[in-house]
Amino acid sequence: MNWQLVLDSLGPIALGAITGTIPLTLASFSLGLLIAIGMALMRISGIAWLSAVARGYISVIRGTPMLVQLFVIFYGMPQIGITLDPWPSAIIALSLNVGGYAAEIIRAAILSIPRGQWEAAAMVGMSRGQALWRIVLPQAARVSVPPLSNTFISLVKDTSLASVILVTELFRVAQRIAAPSGEFLTIYIVAAVVYWVICLVLAGGQDRLERRLDRYAV
Amino acid sequence: MPSEHTDAAADGLLLSARGLHKSFGENHVLRGVDLDIAPGTVHALIGPSGSGKTTVLRSLNGLETPDAGSLRIGDLAIDFARPPGRRERAALHRASAMVFQQHHLFPHLTVLGNVTIGPVRVQGRDRDEATADALALLDRVGLREKADAYPSSLSGGQQQRVGIVRALALAPSMLLFDEPTSSLDPELVGEVLAVMTELAADGWTMAVVTHELGFAREVADEVSFFDEGVVVERGAPAQLFGDPRHERTKRFLQRLQGPFGG
Ligand SMILES: Nc1ncnc2c1ncn2[C@@H]1O[C@H](COP(=O)(O)OP(=O)(O)O)[C@@H](O)[C@H]1O
Ligand SMILES: [Mg+2]
């Protein structure tokens, strides 16, 4: 192991995490969550065509590799006149992906809330929308924290795929340092360790969040 | 106490239901139910499990829609020949408030949040005023110091008392109770019945589905005995319990009171 190289590469790789991986993750997760909530609501709307659209979307996203989705958006779309920069392409592909996976998590969470909660909300005078927003979604959020945390942690790792469409994130920085030096093993191990540390921190955060939400566990 | 728009109509009744029918698929659950409740009285609904008591109560609150029949509460009149619209259902929710068998408190809200969410978020009342009223009501049922607790930290009896306060805070014209004590441990039943007895004494109009025959005898002004989707017999408790006219009522009371019961 070349320790000097470890120290020299750690700075730029960590910087790649801070300016690439982390913002890419946060942006894609937030957008993806919005898509997921929309798709979950469409799925349970009871309106056949809305539900079918959402089912189709979820099926395509979950049934195709993310790498292929990225290529379609970044390399394919220009052929029909839609040319996007690497960053927007990556954010779109990653959030569509999160949307597909998280939609099923959120849908299951909403359906897990007992019918009595909807009824008590109606009894109190709430519309269905109010009941959803004030009563059901907050409880569904609690239920979906563990699975959504897993989606989030997977997303951190999946952002490395954006390196193939030239987004300057953690892994692309590592590739750029590794190529001229020839020290692939050292540099890629450094990159792996940085991913691992990020995920450890996130897993710790997940634990604390779940404990906090346990206050009102039924 | 009971809000003012409870003026009785010409017939002197606060609530009057006629010919309620309801089917769930093939299952004809309500087969023409009539119910009359005068303002300020307590009406007990008794009868075997599956006889349609809960379905009637839910219909009164707009949680269930009968297929036929009509209902009047205060000055709100609904004919179920035409399915009620959103507005009519909202008016039904507003006219009465329900205490559920399994309390159905909102677990993510504190006790105070459970009580004020309706008045503040639905009725648009001032938050400080609604909070003051909620605390006064909680005080009455001995739960003021639990205002900031979450429902999961309360005993079953306390949860059900919060359920009652949540209903009261909506300022309905009448209260509906669906077996409010039947999922409680026996030693917790008394505290809930005590609150209900006080509310009756305060003049609340109440419809109470119950298996607590002692409560029905002591507190109810009138009792309806349900069986297979109809009211088989109704009367004052002394008459219905002491001298039931129908064979089905007699058999039910004997079964419930058991070989050694009074
Ligand atoms: N939402 C529903 N869907 C289908 N069947 C129902 C529903 N609610 C009640 N029932 C049926 O209606 C009948 C009467 O139920 P219910 O009103 O709860 O009676 P009770 O409260 O007197 O025990 C039962 O056979 C029950 O299974
Ligand atoms: Mg019942």
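Here are a few questions and answers.

Guide: First, this is a predicted model, where local features need pLDDT of at least 70, side-chain atom pairs count only at pLDDT 80 or more, and totals for chains, interfaces and linings use all residues. Residues are numbered from 1 along each chain as its sequence is written, chains are lettered from A and ligands numbered from 1 in the order in which they are written, and side-chain values use heavy atoms, without hydrogens and water.

Visitor: How much space lies in the largest cavity?

Guide: On a 1 Å grid over the protein atoms alone, a cavity is a set of points where a 1.4 Å probe fits but cannot get out. Points are joined across faces, edges and corners, and the volume is the space filled by probe spheres set on them. Searching the whole structure for cavities of 30 Å³ or more turns up one. The space in the largest cavity is about 60 Å³.

Visitor: Which element gives the most to its lining?

Guide: Lining residues have an atom within 4 Å of a point, and among them are B:L137, B:V165 and B:E198. Helices are DSSP runs (H or I, at least four residues), numbered from the N terminus. With three residues, the top contributor is α6(B).

Visitor: Which feature does UniProt place at residues 18–206 of chain A?

Guide: That span is 82% helix and 0% strand (strands being E runs of at least two). UniProt annotations may be inferred rather than shown by experiment. The unreviewed entry's name for it is "domain: ABC transmembrane type-1".

Notes. 1 Å grid on protein atoms, 1.4 Å probe; cavity = no way out; pocket = protein on both sides within 12 Å on 5 of 7 lines; lining within 4 Å.
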